[in-house]
Amino acid sequence: MAAETGTPTTLTLKSNDDELFSVAESAAILSVTIRNMVEDGCAGGVIPLDNVDGKTLASVITYMNGISAIPADEEKKKSYRDKFLSDKDFETLADMVLAANYLNMSCLMDAVSAKIAQVMEKKSVGWVRRKFGIENDYTPEEEAAVKEEHKWTFEGVETDDDN
Amino acid sequence: MEQTVERSPNVQRGYRVQAPLVDSVSCYCKVDSGLKTVVGARKFVPGSKICIQPDINPRAHRSKNSRRERTRIQPPLLPGLPDDLAIACLIRVPRVDHNKLRLVSKRWFKLLAGNFFYSLRKSLGMAEEWVYVVKRDKDNRISWHAFDPTYQLWQPLPTVPVDYSSALGFG
C-alpha cells in the first residue's frame, strides 16, 4: 500500500475501551497478528483489538514506534527495552504480557517476561508474595518443613528492598 | 499353516477338530459377566497373565481426581496472568533463586520442583549449568559446593550425609 501512494501507510487501531490510535504500518507490523491482517488485506479500516485496553495499547504503540526507529543494532534495542520497562509496575507489566501475547509480538513478550523474572531476583520470599499479590497457602508447619528441607539455600543474600 | 492344511480335509469329511463356535461365544459371555477380579478373570481366560496386569496402579484414579480438584480451586501462579504466561515469566528467573522461590506457595513449589519446569528451560536454552565441586579439608572431612558461572557465585549445598563425610573418595 505504501508503494502505491508513496507515503507511509498509517493504520488505525481500536482498543477494547474504544480508544483509537494511529500508528505507522511499518511499526505496527512488529505485531504478527497485525502483520497477518495487513497481508490479508483486511487492515484498511479500523483494526479492533478486543483484548487490549487503551492504556496498555498506548504503551505498546510507544514501544512499537521507539523500537522500530532504532536501526538494526541489537545493543541499542536492548537498552531501549530496558529503559522502556524500567518504571513499569507489575500490574502494567502483566497487562503488557497479555497484550504482547495477543498481538504475537515476541520481542516485547520476551522483554516483559524477562523483566518480571528479574524483579524476583535476590528478593525474599515474603517480598515476592507481597509484590505479586500471591497468597501464602502453606500452614506454618508446612512452611517450616519446606524451609528446613531447603535451609541450605537460604544462606545466600536476599533482600526486601525494591531494587 | 500346518493346522489349516490339516483342518481342511477334516471339514471336508464333516467333523470338527475345534470346539463348536456357539460354545466358545457363550464361554466369553460368561467371562464378561462373571469378571469380578483379576484372579477370577485369569481363571477363565487362559494365558491372561500376558494381557491383564494384576499390578494396576492404585493411585491412577486418585491422581486424576486430584487434578480435577486442583483445576477447580487452585489460585493462579501469578495473579493477573493465565498460568501459561506466568510460566513464561517464571522460567526466566535465574536458577540461583529457584529453591528459595519454592516457598512462595504450594503451586510454586510444584512447578519449580517438577521436571516440566526444567525441561521447558532446557528446550528454550535457558538451563544454566553449574559446576559441582567435592573437596576434602585437612581433617579429611568431605564437603561439596556448587559454582554458578553466570553469576560467579558459590552456592551452598546440603551437608554431606554423615555416612559419606569421611569417605576416602567416590566412584
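Two residues are in contact if their C-beta atoms, placed from the backbone, lie within 7 Å. This is a predicted model, in which local features need pLDDT of at least 70 and side-chain atom pairs count only at pLDDT 80 or more, while totals for chains, interfaces and linings use all residues. Residues are numbered from 1 along each chain as its sequence is written, and chains are lettered from A in the order in which they are written.

The contact between the two chains involves 31 residues of chain A and 25 residues of chain B. On the side of chain B that touches chain A, two or more residues come from each of α6 (83-90), α7 (98-101) and α8 (106-113) of chain B; helices are DSSP runs (H or I) of at least four residues. The most, four residues, come from α6(B). The table divides this side by residue class.

| Class | Residues on the side of chain B that touches chain A |
|---|---|
| Nonpolar (Ala, Val, Leu, Ile, Met, Phe, Trp, Tyr, Cys, Pro) | 17 residues |
| Polar (the others, Gly among them) | three residues |

The largest nonpolar core has 50 residues, of which V97(A), A100(A), L108(A) and V112(A) touch the most other members. Such a core joins buried Ala, Val, Leu, Ile, Met, Phe, Trp, Tyr and Cys residues through C-beta atoms within 7 Å, buried meaning that 20 or more other C-beta atoms lie within 10 Å of the residue's own. Its largest share, eight residues, comes from α6(A).

Technical notes: Buried ≥ 20, exposed ≤ 12 C-beta atoms within 10 Å, placed from the backbone.
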